[in-house]
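Please look over the sequence and the model shown here before reading the notes that follow, which are grouped by topic.

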Amino acid sequence: MRVLGIDPGTRVTGYGCIEPAPRLGARPKLIEAGVVRLAGRDHTPPLGARLIELERDLVEMLGRLRPDVVCIESLFSNPKHPGTVITMAHARGVILLAASRSVGEVVEVPPAEVKRAVAGSGKAEKSQMQSSVQRVLGLAEPPSPADVADALAIAICVGQRRGLPA
(Lines give C-alpha, C1' and ligand atoms only; values in the text may rest on other atoms or scores of the structure.)
Protein backbone atom coordinates (compact mmCIF):
# COMPACT_ATOMS: atom_id res chain seq x y z
CA MET A 1 0.00 0.00 0.00
CA ARG A 2 1.27 3.48 -0.86
CA VAL A 3 0.24 6.56 1.09
CA LEU A 4 0.85 10.02 -0.35
CA GLY A 5 0.78 12.91 2.12
CA ILE A 6 0.43 16.46 0.84
CA ASP A 7 1.09 19.69 2.74
CA PRO A 8 -0.81 22.28 0.68
CA GLY A 9 0.52 25.68 -0.19
CA THR A 10 0.13 28.29 -2.91
CA ARG A 11 3.86 28.98 -3.09
CA VAL A 12 5.34 25.67 -1.91
CA THR A 13 3.43 22.38 -1.64
CA GLY A 14 5.21 19.54 0.13
CA TYR A 15 4.61 15.89 -0.69
CA GLY A 16 5.79 12.59 0.72
CA CYS A 17 5.00 9.06 -0.40
CA ILE A 18 5.60 6.08 1.88
CA GLU A 19 4.83 2.41 2.10
CA PRO A 20 3.80 1.70 5.71
CA ALA A 21 5.88 -0.82 7.66
CA PRO A 22 5.00 -4.42 6.78
CA ARG A 23 5.16 -5.53 10.43
CA LEU A 24 5.40 -4.13 13.93
CA GLY A 25 8.90 -2.89 14.69
CA ALA A 26 9.77 -2.26 11.04
CA ARG A 27 10.10 1.21 9.53
CA PRO A 28 7.88 2.67 6.84
CA LYS A 29 9.64 2.85 3.47
CA LEU A 30 10.21 6.26 1.92
CA ILE A 31 9.27 6.16 -1.77
CA GLU A 32 9.71 9.83 -2.69
CA ALA A 33 9.42 13.25 -1.11
CA GLY A 34 9.86 16.81 -2.26
CA VAL A 35 8.16 20.07 -3.02
CA VAL A 36 6.24 21.64 -5.86
CA ARG A 37 7.45 25.25 -6.05
CA LEU A 38 4.82 27.56 -7.45
CA ALA A 39 6.60 30.88 -7.09
CA GLY A 40 9.98 32.08 -8.28
CA ARG A 41 12.45 33.93 -6.11
CA ASP A 42 12.06 37.22 -7.96
CA HIS A 43 8.53 36.87 -9.30
CA THR A 44 5.33 35.34 -8.00
CA PRO A 45 2.82 34.54 -10.74
CA PRO A 46 -0.87 35.32 -10.13
CA LEU A 47 -2.76 32.82 -7.98
CA GLY A 48 -4.67 31.37 -10.95
CA ALA A 49 -1.45 30.55 -12.80
CA ARG A 50 0.01 28.91 -9.68
CA LEU A 51 -3.12 26.76 -9.24
CA ILE A 52 -2.91 25.59 -12.86
CA GLU A 53 0.74 24.65 -12.31
CA LEU A 54 -0.14 22.87 -9.05
CA GLU A 55 -2.84 20.80 -10.76
CA ARG A 56 -0.54 19.86 -13.65
CA ASP A 57 2.27 18.80 -11.31
CA LEU A 58 -0.11 16.84 -9.05
CA VAL A 59 -1.63 14.91 -11.94
CA GLU A 60 1.87 13.96 -13.14
CA MET A 61 2.94 13.00 -9.59
CA LEU A 62 -0.17 10.90 -8.95
CA GLY A 63 0.39 9.02 -12.20
CA ARG A 64 4.05 8.40 -11.39
CA LEU A 65 3.68 7.41 -7.70
CA ARG A 66 0.35 5.56 -7.98
CA PRO A 67 -0.71 5.96 -4.33
CA ASP A 68 -3.56 3.91 -2.88
CA VAL A 69 -4.60 6.79 -0.66
CA VAL A 70 -3.88 10.53 -0.69
CA CYS A 71 -3.97 12.41 2.59
CA ILE A 72 -4.00 16.14 3.21
CA GLU A 73 -4.20 18.37 6.26
CA SER A 74 -7.64 19.67 7.17
CA LEU A 75 -8.17 23.37 6.77
CA PHE A 76 -7.24 25.44 9.81
CA SER A 77 -6.94 29.14 10.48
CA ASN A 78 -4.38 31.20 12.32
CA PRO A 79 -5.89 34.28 14.02
CA LYS A 80 -2.66 36.19 13.28
CA HIS A 81 -3.04 35.58 9.52
CA PRO A 82 -6.77 35.28 8.71
CA GLY A 83 -6.31 35.78 4.95
CA THR A 84 -4.02 32.76 4.69
CA VAL A 85 -6.90 30.31 5.21
CA ILE A 86 -8.70 31.68 2.15
CA THR A 87 -5.64 31.41 -0.09
CA MET A 88 -4.85 27.96 1.31
CA ALA A 89 -8.39 26.81 0.56
CA HIS A 90 -7.75 27.43 -3.14
CA ALA A 91 -4.73 25.09 -3.14
CA ARG A 92 -6.57 22.47 -1.09
CA GLY A 93 -9.46 22.54 -3.57
CA VAL A 94 -7.11 21.86 -6.48
CA ILE A 95 -5.40 19.06 -4.54
CA LEU A 96 -8.68 17.45 -3.46
CA LEU A 97 -10.04 17.59 -7.01
CA ALA A 98 -6.91 16.15 -8.67
CA ALA A 99 -6.55 13.42 -6.02
CA SER A 100 -10.24 12.47 -6.11
CA ARG A 101 -10.12 12.08 -9.89
CA SER A 102 -6.97 9.96 -9.77
CA VAL A 103 -7.11 7.94 -6.55
CA GLY A 104 -9.99 6.08 -4.98
CA GLU A 105 -9.52 7.47 -1.50
CA VAL A 106 -8.68 10.92 -0.16
CA VAL A 107 -8.35 11.46 3.59
CA GLU A 108 -8.27 14.77 5.47
CA VAL A 109 -6.43 14.88 8.81
CA PRO A 110 -6.44 17.67 11.44
CA PRO A 111 -2.95 19.19 11.97
CA ALA A 112 -3.01 18.51 15.74
CA GLU A 113 -3.71 14.80 15.08
CA VAL A 114 -0.73 14.61 12.73
CA LYS A 115 1.53 16.26 15.31
CA ARG A 116 0.32 13.97 18.10
CA ALA A 117 0.75 10.83 16.00
CA VAL A 118 4.29 11.61 14.87
CA ALA A 119 5.84 13.86 17.53
CA GLY A 120 3.71 12.98 20.56
CA SER A 121 2.31 16.49 21.02
CA GLY A 122 -0.47 18.28 19.18
CA LYS A 123 1.51 21.51 19.57
CA ALA A 124 4.84 20.30 18.17
CA GLU A 125 6.95 22.94 16.42
CA LYS A 126 8.29 22.60 12.86
CA SER A 127 11.75 21.49 14.05
CA GLN A 128 10.20 18.82 16.30
CA MET A 129 8.20 17.49 13.36
CA GLN A 130 11.29 17.36 11.18
CA SER A 131 13.31 15.41 13.76
CA SER A 132 10.37 13.10 14.53
CA VAL A 133 9.90 12.24 10.84
CA GLN A 134 13.65 11.68 10.57
CA ARG A 135 13.50 9.21 13.48
CA VAL A 136 10.40 7.35 12.26
CA LEU A 137 11.76 6.89 8.74
CA GLY A 138 15.38 6.32 9.82
CA LEU A 139 16.71 9.17 7.67
CA ALA A 140 20.29 10.44 7.89
CA GLU A 141 19.05 14.01 8.37
CA PRO A 142 15.75 15.80 8.95
CA PRO A 143 13.60 16.30 5.84
CA SER A 144 13.86 19.83 4.52
CA PRO A 145 12.14 22.14 3.92
CA ALA A 146 9.55 21.76 6.67
CA ASP A 147 6.82 21.32 4.02
CA VAL A 148 8.35 17.94 3.12
CA ALA A 149 8.47 16.83 6.76
CA ASP A 150 4.85 17.90 7.22
CA ALA A 151 3.74 15.93 4.16
CA LEU A 152 5.60 12.82 5.33
CA ALA A 153 4.12 13.23 8.81
CA ILE A 154 0.63 13.32 7.29
CA ALA A 155 1.33 10.06 5.43
CA ILE A 156 2.78 8.42 8.55
CA CYS A 157 -0.26 9.51 10.60
CA VAL A 158 -2.71 7.99 8.13
CA GLY A 159 -0.68 4.76 8.09
CA GLN A 160 -0.91 4.63 11.90
CA ARG A 161 -4.59 5.55 11.89
CA ARG A 162 -5.32 2.50 9.74
CA GLY A 163 -3.60 0.22 12.21
CA LEU A 164 -0.50 -0.07 10.10
CA PRO A 165 2.69 0.11 12.16
CA ALA A 166 4.87 3.19 11.84
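Pro145 lies in the loop that links α4 (126-137) to α5 (146-161), where helices (H or I, at least four residues) and strands (E, at least two) are DSSP runs numbered from the N terminus. This is a predicted model, in which local features need pLDDT of at least 70, side-chain atom pairs count only at pLDDT 80 or more, and totals for chains, interfaces and linings use all residues. Residues are numbered from 1 along each chain as its sequence is written, and side-chain values use heavy atoms, with hydrogens and water left out.

**Backbone geometry**

- Most residues other than glycine have a negative phi, and most peptide bonds are trans.
- The peptide bond from Ser144 to Pro145 is cis, with omega near 0°.
- Arg66, although not a glycine, has a positive phi of about 50°, and is found in the loop between α1 and β4.
- Arg66 counts as exposed because its relative accessibility is 63% (exposed means over 50%, buried under 20% and partly exposed in between, with a 1.4 Å probe and protein chains only).

**Helix α1**

- Helix α1 (residues 47-65) has 19 residues and reaches 26 Å from its first C-alpha to its last, close to the 27 Å expected at 1.5 Å a residue (the expected span being 1.5 Å times one less than the number of residues).
- The buried residues of α1 are Arg50, Leu51, Leu54, Leu58, Met61, Leu62 and Leu65.
- Seen down the axis of α1, these buried residues fall within an arc of 100° (taken from the directions from the helix axis to the C-beta atoms), so they line one face of the helix.
- The buried residues of α1 pack against β1 (3-7), β2 (12-19), β3 (29-37), β4 (69-73) and α2 (82-102), with contact meaning heavy atoms within 4.5 Å.
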